[in-house]
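Here are my notes on this model, as numbered points. Please read them with the structure open.

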Amino acid sequence: MGFGTGAAMGIQFANPKARVVHIAGDGSFRMNCNELATISHYNLPLVIVVVNNGTLGNVRLWQKAFYGERYSATTLDFGPDWVKLAAAYGIDGYKATNAAEFEKVFAEAFKSGKPAVIDAKVDIDVPVLPMVPGGRAIYDQIMDL
């Protein structure tokens, strides 16, 4: 968790004419949202989609699948307003609460050629799949719960 934003920035620096889209969970993006300062400073035209389910989705899924739904320390019931945080860095922010809104704001953000953050709200129990159970090979993925 937390690797994607830096990786997306590296890809964008290496391919300045490309349009890079980074998709991260809200828990992962919280770990490195300070990189918005660098994105703004260099005007990197990244589109960051924050899949916002208000939880550490991967950990919550493990707790559901393997630990009898005994949820502990995964709920992110408070936190930044991603649109306002983006604006604080001079970056365009968008919010989407359903698929139709997402399609509209994604197209707008992508077309703009500027850095953008999209707060894509999803239900807390939308599973983070595929998932590889502990001790299993990468090809032993769980595809549905």
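Predicted model: local features only at pLDDT ≥ 70, side-chain atom pairs only at ≥ 80, totals over all residues.

1. Start with the pocket. β1, α2 (26–30) and α4 (57–66) each give at least two residues to the lining of the largest pocket. The largest share is from β1, with four residues.

2. The volume of the largest pocket is about 420 Å³. Its lining counts 22 residues. Nearest the centre are Ala 24, Gly 25, Ser 28, Asn 58 and Val 128. By class, the lining has 11 nonpolar residues, 10 polar and one charged.

3. Now the sheet. It is open and has four strands, in the order β1-β2-β4-β3, with parallel pairing. At its edges are β1 (21–25) and β3 (92–96), each of which pairs on one side only. From one strand to the next, the twist averages 20°.

4. Look at one strand pair in detail. β3 and β4 (residues 116–121) run parallel and are joined by five bridges. Which residue of β4 is the bridge partner of Tyr 94? The partner is Ile 118. As a reminder, strands of a sheet pair through backbone hydrogen bonds, either parallel or antiparallel.

5. α6 lies across β1, β2 (47–52), β3 and β4. Relative to β3, the helix runs at about 165°.

6. Next, the aromatic rings. With ring centres required to lie within 6.5 Å, the count is five aromatic pairs. Phe 102 and Phe 106 have ring centres 5.7 Å apart and planes at 25°, so the pair is stacked; the cut-off for stacking is under 30 degrees. Both residues lie in helix α6, four residues apart, or about one turn of the helix.

7. Is the peptide bond from Leu 129 to Pro 130 cis or trans? It is cis, with omega near 0°. Pro 130 sits in the segment after β4.

8. Asn 43 has phi near 50°, a positive value in a residue other than glycine. Asn 43 is in the loop between α3 (36–41) and β2. Glu 69 also has a positive phi, near 60°, and is likewise a residue other than glycine. Glu 69 belongs to the loop between α4 and α5 (82–88).

Conventions:
Residues numbered from 1 in each chain as written. Heavy atoms only, no water. Pairing = 2+ DSSP bridges. Axes fitted to C-alpha atoms, helices over the stretch in contact; angles between N-to-C directions. Contact = heavy atoms within 4.5 Å. 1 Å grid on protein atoms, 1.4 Å probe; cavity = no way out; pocket = protein on both sides within 12 Å on 5 of 7 lines; lining within 4 Å. Points joined across faces, edges and corners; volume = space filled by probe spheres on them. Nonpolar A, V, L, I, M, F, W, Y, C, P; charged D, E, K, R; others polar. Phe/Tyr/Trp six-rings, centres within 6.5 Å; stacked < 30°, edge-to-face > 60°.
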